[in-house]
Structures are given as C-alpha cells and as structure tokens.
Amino acid sequence: MYYSTQQLHAKLILVTSIPILAVILIIINATNVTAKNLINERNNQLEWRSYQSSPAEGSTRTNRQNPPREVLLTSEEARIFKLINQERAKAGLPQFEIDPVLTDLARAKSMDMVSHNYFGHFSERFGTVHDQLKANDVSYCNAAENLAGGSDLSKTFGRLLASPAHRSNILNPIFKRIGIGIVNGSPYGKMMTQIFVD
C-alpha cells in the first residue's frame, strides 16, 4: 500500500508538472520571438535612416495635391521596383512611378506585420490599405496591396508573378504609382508590402 501511494504521488506530481513546464516553455519562446522582432525593428529603422542611395528612377509625385519629394529606396526595395517595371515593360505597359507616401505606408505595413507577428491585409492598427490611404490623404480611385514573405527576394517575387491575383496588380494598366516596403524579420525572413494606386 505504501508503495502504491508513493507511485500515486509521483504520477500526480508528473501530471501537474507537465502543463506548468509547457506554459514556461511557451513564455520563454514568446519572449525570444518578441526580443528578435524588437532587434529586427531597430535594425530596419537604422537601415532606413542611414541608407544612402540614388533616388529611384521615374517621377516622385506623391499624389495630385502634394508637391513631389525624393524617394530613397533600400537596395532590396530598388531591386523589386526594377523587377516590377521590367515585367510591365514585357507586357507593353508604362513604368510605375515610385511614390514616397506609398513607400512610407508600405514600410509601415511590413513593420506592423513583423512587430505584431501576423500576415494579412487587415491590421488592427491601420485597418485595410484603403484605410491607410485615407488616413494619409492619398488621392486615388483604385488601389490594391500585394503582401509576400520570404528570405530570397527573387523567389518571393517569382511567387507573386505565379499568383494570378498578385500578378494582375503588378500588370494592371490602371495603376500608375507604387510604394514598396521591405522589412527584415518574421518567420519568413523578410516581409514585403507593395501598394498600388492609379
């Protein structure tokens, strides 16, 4: 009987310890993910502040009411901008104009997804892309948003082109202006947002 009671106590301790250990491991993992995202967010902000490059080719008008300002793209953003315009040229479409306000909004959306660990067109902070555009007084009639995640940007861009919905945004003749925001972090390695307006 004494042996059975000891066995029962050992089993009870084991059964109650497993959920506690699981909770501890979840907390440790969540802390590590949060710390990693904070480091990535700080690095992204430093990169944007310190990055020196030539302005992207093409016009830099923000919308029909605001005066133009220079756009400084990161090397990754400039690469995607170039690839998008190459695809448009192949389709006989005019080149996109890089838009500084749209680029700021795209970066903010990518950063939001990385910082708050989600992937989707709706943000609890910004709402939809239409909400973002309205909140920032961007004039437009038509707008769309492409989201993608991946560590290899060439492959990520290839997946966008392979998706009919994403490809149609890139090759939509109605759209004239684009913003691109690429942020390091998230389970994908890099988060990319593309915002298109007419």
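The model is predicted, so local features need pLDDT of at least 70 and side-chain atom pairs count only at pLDDT 80 or more, while totals for chains, interfaces and linings use all residues. Residues are numbered from 1 along each chain as its sequence is written, and side-chain values use heavy atoms, with hydrogens and water left out. Helices (H or I, at least four residues) and strands (E, at least two) are DSSP runs, numbered from the N terminus. The structure holds three aromatic pairs and six salt bridges.

**Helix α5**

- Helix α5 spans residues 153–162, and its buried residues are Leu-153, Thr-156, Phe-157, Leu-160 and Leu-161; buried means under 20% relative accessible area, exposed over 50% and partly exposed in between, with a 1.4 Å probe and protein chains only.
- Seen down the axis of α5, these buried residues fall within an arc of 140°, so they line one face of the helix; the arc is that of the directions from the helix axis to the C-beta atoms.
- An α-helix has 3.6 residues a turn, so residues three or four places apart point the same way.
- Lys-155 and Ala-162, on the other side of α5, are exposed.
- The elements against which the buried residues of α5 pack are α2 (75–90), β2 (143–149), α6 (164–170), β3 (177–184) and β4 (190–197).
- A side-chain oxygen of Asp-152, at the start of α5, comes to within 3.0 Å of the backbone nitrogen of Ser-154.

**Aromatic pairs**

- Rings of Phe, Tyr and Trp (its six-membered ring) pair if their centres lie within 6.5 Å; planes under 30 degrees apart count as stacked, over 60 as edge-to-face and the rest as tilted.
- One of the three pairs joins Phe-96 and Phe-196, with ring centres 5.6 Å apart and planes at 45°, so this pair is tilted.
- Phe-96 lies in the loop between α2 and β1 (97–98) and Phe-196 in strand β4, so the pair ties together parts that are 100 residues apart in sequence.
- Both Phe-96 and Phe-196 are buried.
- The rings of Phe-175 and Phe-196 have centres 5.8 Å apart and planes at 25°, so they are stacked.
- Phe-175 is in the loop between α6 and β3 while Phe-196 is in strand β4, so this pair ties together parts 21 residues apart in sequence.
- Phe-175 is buried, as is Phe-196.
- Phe-96, Phe-175 and Phe-196 are linked into a cluster by ring pairs.
- The charged end of Arg-88 sits over the ring of Phe-96, 3.9 Å from its centre; the rule asks for NZ of Lys or CZ of Arg within 6 Å of the ring centre and within 35 degrees of the ring normal.

**Salt bridges**

- A salt bridge is a side-chain nitrogen of Lys or Arg within 4 Å of a carboxyl oxygen of Asp or Glu, and the count comes to six.
- Among them is the bridge between Lys-190 and Glu-76, whose closest N and O atoms are 2.8 Å apart.
- This pair links distant parts of the chain, with Lys-190 in strand β4 and Glu-76 in helix α2, 114 residues apart.
- Lys-190 counts as buried at 16% relative accessibility, and Glu-76 is buried with a relative accessible area of 19%.
- Glu-77 and Arg-107 form another bridge, the closest N and O atoms being 2.6 Å apart.
- Glu-77 lies in helix α2 and Arg-107 in helix α3 (residues 100–115), so the pair ties together parts that are 30 residues apart in sequence.
- Glu-77 and Arg-107 are both buried.
- In the bridge between Arg-125 and Asp-112, the closest N and O atoms are 2.4 Å apart.
- Arg-125 is in the loop between α3 and α4 (129–135) and Asp-112 in helix α3, 13 residues apart.
- Arg-125 is partly exposed, with a relative accessible area of 39%, whereas Asp-112 is buried, at 5%.

- Arg-79 is in helix α2 and is partly exposed, with a relative accessible area of 38%.
- The C-alpha atoms of Arg-79 and Leu-153 are separated by 8.9 Å, and the two residues are 74 residues apart along the chain.
- Not counting residues up to four places away in sequence, Arg-79 touches Leu-153 and Ser-154; contact means heavy atoms within 4.5 Å.
- The side chains of Arg-79 and Ser-154 make a polar contact (2.7 Å); such a contact is a pair of N or O atoms within 3.5 Å, and within protein one must be able to donate a hydrogen and the other to accept it, while residues adjacent in sequence count only if both atoms are side-chain atoms.
- Glu-76, also found in helix α2, touches Leu-153, Ile-182, Asn-184 and Lys-190, not counting residues up to four places away in sequence.
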